[in-house]
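Here are a few friendly notes to read alongside the structure.

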Amino acid sequence: MHANSGAERRAVISLLVENEAGVLARVIGLFSGRGYNIDSLTVAAVDESRSLSRINIVTTGTEMIIGQIKSQLDRLVPIHKVADLSAAGPHLARELALIKVLGAGDKRNEALRLADAFRARVIDATTESFVFELTGNTDKIDAFLALMRPLGLAEVSRTGIAAIGRGTAVMA
Amino acid sequence: MTHLAPATAKPDRPQSGAEILLRALVDQGVDVIFGYPGGAVLPIYDALFQQSAIRHILVRHEQAAVHAAEGYARSTGRVGVVLVTSGPGATNAVTGLVDALMDSIPIVCLTGQVPTHLIGNDAFQEADTVGITRPATKHNYLVKHPDDLARIVHEAFYVARAGRPGPVVIDLPKDIVIAPAPYAAPAVTPHRSYRPNLHPAAAEIETAIALLKSARRPVIYFGGGIINAGAAAQLADFVRLTGFPCTGTLMGLGAFPADDPQWLGMLGMHGTLEANLAMHGCDVMLNIGARFDDRVTGRVADFSPGSRKIHIDIDPSNINKNIAVDLPIVADAKLALAALIAAWRADPRPGPAAARRAWWQQIAAWRARDCLAYRQSMEKGAVIKPQHAIRQLHAATLATGRDTFITTEVGQHQMWAAQHFGFTRPNRWLTSGGLGTMGYGLPAAAGVQVAHPEALVIDIAGEASILMNIQELSTLAQYRLPVKLFILNNRYMGMVRQWQELLHGSRYSHSYSEALPDFVRLAEAFQATGLIAESIDQLDDVIATMLATPGPVIADIRVDPTENCYPMIPSGAPHNEMLLGPDQPASSPFVSDEGMALV
Ligand SMILES: Cc1ncc(C[n+]2csc(CCOP(=O)(O)OP(=O)(O)O)c2C)c(N)n1
């Protein structure tokens, strides 16, 4: 068996990293240099006192490739912890999307009705446009965008996911 | 990080960053730096001038500084240190850094940088060194504040040697090395985030022993990790204890004595028939400190199809990268071998003795094919076969009784050296394995000779490779480094020519070594001795003279320009489809298009 055989899966990988210049470049360089996929990536400081940041990466690959990604990340010097949330058990993942829909008449009403059903908030409106704010997992946002497409979907801005494990277990 | 008492006392006046840097180096046990000056590092050179604890070896090109430091590191087991200026100094060093990264050589490379306030301004001799060297190093640092300087230097040495060793760059803006800086002794606390696992788990060792005890057709395969871990003695103990056949990678040569009956020779693309067929046919494989590199595995889908595989590696990312293994053990090779030895001794199970005898008989039959054979005519005037030249060189060095270090360039000569020079001790064989850097051998030899002034240091070279860092003859002259350059001069980039012959219809596109220098006169121009052997009757005399000459020597050994390096597993072929020699069809039917695309 070799690295490219086997079924692909989606993995949500969270990293605790030293909050210092160049860490993000190292992580991204690792993905591009070794040809791994990044579906989304988020980063922000999470622990000022220990100067740690958290990076959440969504990637896809065979089990062997995902194993490689994790061990390649783990050997980067400023990385404290690598967790594969999707393998570790139940976890929560949320992203935020800002979605601009243009249109008038029935389509506009339909967009508003669907937004309500998805609990998307209207954060800006003109007579020909809405900007919706929607939070949820990736599937929910994808589903909402699919519905908006025929209704005048014009622009999307997504954050990529923030993820965390369920229950009492803590990544530290 | 181990605690070292500060070797330098704190003077009463505040010390500059440059002085603090040198003090930290001394506390890390550094005695030699390989470097080349320039504007951004002038304060460091000034500080070097005013001390005597650290010796500076001036190379003639920054790439050579890194290779020399690699030679120093690999032959001593210590960290090699490099100092280069900003911009072109740093970019010239990049090839050496990647070389050290691929071959896991611990290096600390100090690069000058423009002053902090000019960074990002396209200042004179500014390059984004941390950006450029990020994928070329194990880790790198830009020192932005004098308070961080000493700590970063100590940390860099820890990172360079901890776990799987590698090169580390410290980028030093000029203002940082000029301004006063505080000193900090090496830390005694563990590193915040980088703490590689060294100890094998007891359960893993137990499972490994159970597999190994039951093996009917076992093979032990090791790599450069044994040398980095200083585990050659443990490896030999374990191999002898088990009675198993053993083979090693290019990087591992010398970790197990080549004159031992359990040694099958090197494996891989130009490995021996017996080593590769044993790998292919084994039922249990123990890999210690090797990484299933593509030169070793051939076509991965057909690699050792019937075996259960145990893989011991300090670097978890080496595990299941190319080949899926049954039992991964992330640990230091020395500790793992010590645990295996103890567990093997404690386990009374005898194992399938008859099956193992049959396995050894099979191996003996493969050995009897004598896959490394070549035909050397001994008639006066006969052309020298390169393999023979290496065998004669080996015999002559043995006869001297001197501690002998061999470096190489890259090409056929490198593979012939690996096949025909019998290495019996670790750290005596230095070659660019992972990156395959032509131009490695001469500067690496210089670094070895600096570390071992009394030793016999020989670069087995090709006439094309040697020109890539030929300027280092000047370094040899300056420091009276008696390195011997043994050039197997076939007037071709032989390895390129061989691939063109086998895979590209003998269209020798740009692989002829045109307009070569007269190596004898070149030697003389650099105050070295030049020798030439044009036919077999001159070979032994030239070798004898070379070894008896106290200073540096270039020996131009004119060898058969058409000789090819066999055995050979064409790219993309499995281990049991080896080319044994020229008598097999040149355009072998089993070189697939996919194989052609591989290098
Ligand atoms: C820096 C670099 N450039 C190109 C190559 C590709 N290459 C591999 S072997 C080789 C020919 C080497 O010729 P020579 O040094 O004469 O050795 P020979 O194969 O003839 O023994 C070349 C060009 C390389 N390995 N390194």
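1. Let's begin with chain A, which is divided into domain 1 (9-89) and domain 2 (92-162); such bounds come from an automatic or database domain assignment. Taken over C-alpha atoms, the centres of domain 1 and domain 2 of chain A lie 29 Å apart.

2. A word on the ground rules: this is a predicted model, in which local features need pLDDT of at least 70 and side-chain atom pairs count only at pLDDT 80 or more, while totals for chains, interfaces and linings use all residues. Residues are numbered from 1 along each chain as its sequence is written, chains are lettered from A and ligands numbered from 1 in the order in which they are written, and side-chain values use heavy atoms, with hydrogens and water left out.

3. Where the two domains of chain A meet, seven residues of domain 1 are in contact with five residues of domain 2 (contact means heavy atoms within 4.5 Å). About 400 Å² is buried between domain 1 and domain 2 of chain A, with 61% from carbon and sulfur atoms; buried area is the accessible area (1.4 Å probe) that two parts lose on being put together, summed over both. On the domain 1 side, A:Arg10, A:Thr42 and A:Asn56 supply 59% of the area buried against domain 2 of chain A, more than any other three residues.

4. Which partners join the two chains? The contact takes 21 residues from chain A and 22 residues from chain B, and about 1700 Å² is buried between these chains, 52% of it on carbon and sulfur atoms. There are two salt bridges between chain B and chain A, a salt bridge being a side-chain nitrogen of Lys or Arg within 4 Å of a carboxyl oxygen of Asp or Glu. One salt bridge pairs the side chains of A:Glu18 and B:Arg192, at 2.7 Å from N to O. By contrast, the count between domain 1 and domain 2 of chain A is zero salt bridges.

5. How many disulfides are there over all chains? The count is zero, where a disulfide is a pair of cysteine sulfur atoms within 2.5 Å. B:Cys282 has its closest cysteine sulfur in B:Cys246, 13 Å away, which is too far for a bond. B:Cys371 is in no disulfide either, as the nearest cysteine sulfur, that of B:Cys565, is 11 Å away.

6. Both B:Cys282, at 1% relative accessible area, and B:Cys371, at 8%, are buried (under 20% relative accessible area; exposed is over 50% and partly exposed in between, with a 1.4 Å probe and protein chains only).
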